[in-house]
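Please take a look at the structure below. A short report on selected features follows.

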Amino acid sequence: MKKFSADKLFKWCAVGAGVLILAVLAAVAVFLLIQASPVFIGDRDAAAHSISSFTGGSTTNFFVFVGPLIFGTILASALALFLAFFVAVGIALFISHYAPKRLASVLSYIVDLLAAIPSVVYGLWGAFVLVPHTYPVWKVINSVLGWIPLFGGPVSNPPRTIATVSIVLAVMILPIITSMARDIFVQTPLLQQEAALALGATKWEMIKLAVLPFGTNGLVSASMLGLGRALGETMAVLMILSPGSTYGIHIFTASRNQTIAANIAAQFPEADSMGVSTLIATGLVLFVITFAVNYIARRITHRSSSKKNGMIASVMAWSTRKFSSRNANHSAVSKSDTGDNNNGKAGE
Amino acid sequence: MSDKNQTQTVEPQALDPDFVPTPDFDKFKPSRSSLAARKRTDLLMRILIYIAFVIALIPLISVLYTTVVNGVHRFDWYFLTHNMRGVVGGLYPYGGILHAAVGTLEITLGAVLISVPIGIMTAVYLVEYSAKKRLHKAISFLIDVMSGIPSIVAGLFAYAMFSLILGPGTMNGFVGSVALSILMIPTIVRTTEEMLSIVPVDLREASYALGVSKSRTIVKIVLRTALPGIVSGVILAIARVIGETAPLLVTAGAISSTNFNLFSGRMTTLPVYVYNEFQQGIASCPTISKFGSDDFGLCVPGIRMERAWAAALVLIIVVLILNAIGRLVAKIFSVKTK
């Protein structure tokens, strides 16, 4: 009898913990909404006053206030993703197909170290190392490619600009994309690779024919997850970027853009209660954007997982854990992954 | 590796001419120039891929190098054992990170105490109890959502919640713990889930066959087998949240004296300390210090940056040690499942 009740108790603890996750997520949404609500349904004058104090009096409308922030957030993250994507795919291919087998795990550990470094240290590094050293580079790009609007405009010195920020963001999301891409590349069916080689393909042609098509969906969702990470990154942006609130697309010009997250962190300490509500409302906007990006990433994963026996799904589930805590158990996990593979083959 | 490639890329020789149908295989024979072009592309891509890896190493080495070089100057026993109380400008009591270290320790511990039980029990529920039920899907989906929450939004959530419960503007260490546990829970759930699902079913069935109840089987057999992986996952999750700045900036704030009470008053943490020192810029020195900094070694205008770098060095050391421990635990204690 006692055993039975202990059994039940344990089960209900487990169920309770699961339900608590639901409750916490609901609480996040509810509490943020409650705290943000004064901006929309409270005292109009107070809300207008706090927004105009954030924007230096240029607007009293919340959406006019948050628009440039959304733009800046997406601009910085998209640039970071663009910079990180090709490098990450390159590293992943290097680890999965070019490096000697014995070195591979060491190499991926080194890349994962990049993700272990706290963002505030990246901020310091960006502000003291990157900012002074990138100015000549931006100057050259500006003079050569200045006819492209993105690279046009005056080059600020020191370059506390979106361009510099996006480099730091790219470094920060690099390990996420790399580790997911690597895990998918490693799972490319060996038979397809060998078939390509047997037909006389060079190594690169083999990768183009067999590895990359297999990994396309995974790569897309990996980069979406990386994008989601870059969107929410606060400290590096806060410490490097000289903020402004315009829709400026000149990435070498300072004081034009700001991101939502950095704006919250910058304004929060001095904000009054209405100011805090306004900032929390912008936080909600950020939450919605990252949610959308992550949701798209998961959808892509699910679509591909129905095609490919859940292999990518298992990698994704694992990477969800991994992109925050890297490589818990390389050996154990690879065991489980091969297990999945075998199951898949048996199923066919 | 390259040798093997070359043998594989040799074009197929024309077949024995004695065979009756003699198709013109030369038609398919690649021209020398196209072969060379393919080889060139192959080489080019190989080089690009190697370069990609080198590119990734540059920031890593640069970050570690700058932090060590700039941080080692102020990194001593004095720095570790003093707080920022009574520290004025660049003058003598140079201050340290004792208060920040205490804050980080307590807030992180609080986050661990909140998130480890919830995370592990949720994973137990997902793996052992809810075989593909609707709740399973919902929870699994929401954990994905949770892992995508930007850290500053987690901080705002904790702030908003405690503002509503304990009155507006509540800032203390525990609020920070709650914010961090939002970030830790998805990590811990995913790790534990992974570790639980690789525990062989045979072990569970053997235990049931001996008449052991389900809860005891889970606690004594399944969790026991998965323990090293879980511990390593938890340590790695700690290594991640210990460097979080933004959520603590809005929940725990900063203070210059040492606060041991997690539940009352603001608490400085290491990352926030780094940010604060960085933000305050060059310290002011009285005019005498023009000579003083050289002659008496009194006033250091760049003291705040030195402190920021030294604290960053401490942070990196802590994070790297935690990472190493996490991996070692996983490697050494992992139960051989085969």
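## A bent helix in chain B

H4(B) bends by about 30° at B:Ser115. A proline, B:Pro117, follows within four residues. This is a predicted model, as are all the features described here.

Helix H4 of chain B covers residues 98-129. At 1.5 Å a residue, its 32 residues should span 46 Å. The end C-alpha atoms are 45 Å apart, which agrees. Is H4(B) enclosed or open? Of its 32 residues, 24 are buried, so the helix is largely enclosed by the rest of the structure.

## Where the chains meet

The contact between the chains draws 90 residues from chain B and 83 residues from chain A. On the chain B side, helix H2 (residues 32-71) gives the largest share, with 19 residues. By class, the side of chain B that touches chain A holds 53 nonpolar, 26 polar and 11 charged residues.

## Chain A overall

Chain A has 13 helices and zero strands. Of its 348 residues, 54% count as buried.

How much of the contact set in chain A links residues 24 or more positions apart? Among contacts with a separation of 6 or more, such pairs account for 79%.

## Annotated spans in chain A

An unreviewed UniProt entry lists "transmembrane region" for several spans of chain A, including residues 62-95 and 209-228. Others in that record include residues 12-34, 107-131 and 274-297.

In the model, residues 62-95 of chain A are 100% helix and 0% strand. The end C-alpha atoms of that span lie 47 Å apart. Residues 209-228 of chain A are also 100% helix and 0% strand. There the end C-alpha atoms lie 29 Å apart.

## Two loop residues in chain A

Which peptide bond is cis? The bond from A:Asn157 to A:Pro158 is, with omega near 0°. A:Pro158 sits in the loop between helix H5 (119-145) and helix H6 (162-186) of chain A.

A:Ser255 has a positive phi of about 60°, although it is not a glycine. A:Ser255 belongs to the loop between helix H9 (235-240) and helix H10 (260-267) of chain A.

Note on methods: Residues are numbered from 1 along each chain as its sequence is written. Chains are lettered from A and ligands numbered from 1 in the order in which they are written. This is a predicted model: local features need pLDDT of at least 70, side-chain atom pairs count only at pLDDT 80 or more; totals for chains, interfaces and linings use all residues. The expected span of a helix is 1.5 Å times one less than its number of residues. The bend at a residue is the angle between axes fitted to the seven residues ending there and the seven starting there. A residue is buried if 20 or more other C-beta atoms lie within 10 Å of its own, exposed if 12 or fewer, and partly exposed in between; C-beta atoms are placed from the backbone. UniProt positions are given in the numbering used here, feature names are shortened, and annotations may be inferred rather than shown by experiment. Two residues are in contact if their C-beta atoms, placed from the backbone, lie within 7 Å. Ala, Val, Leu, Ile, Met, Phe, Trp, Tyr, Cys and Pro count as nonpolar, Asp, Glu, Lys and Arg as charged, and the others, Gly among them, as polar.
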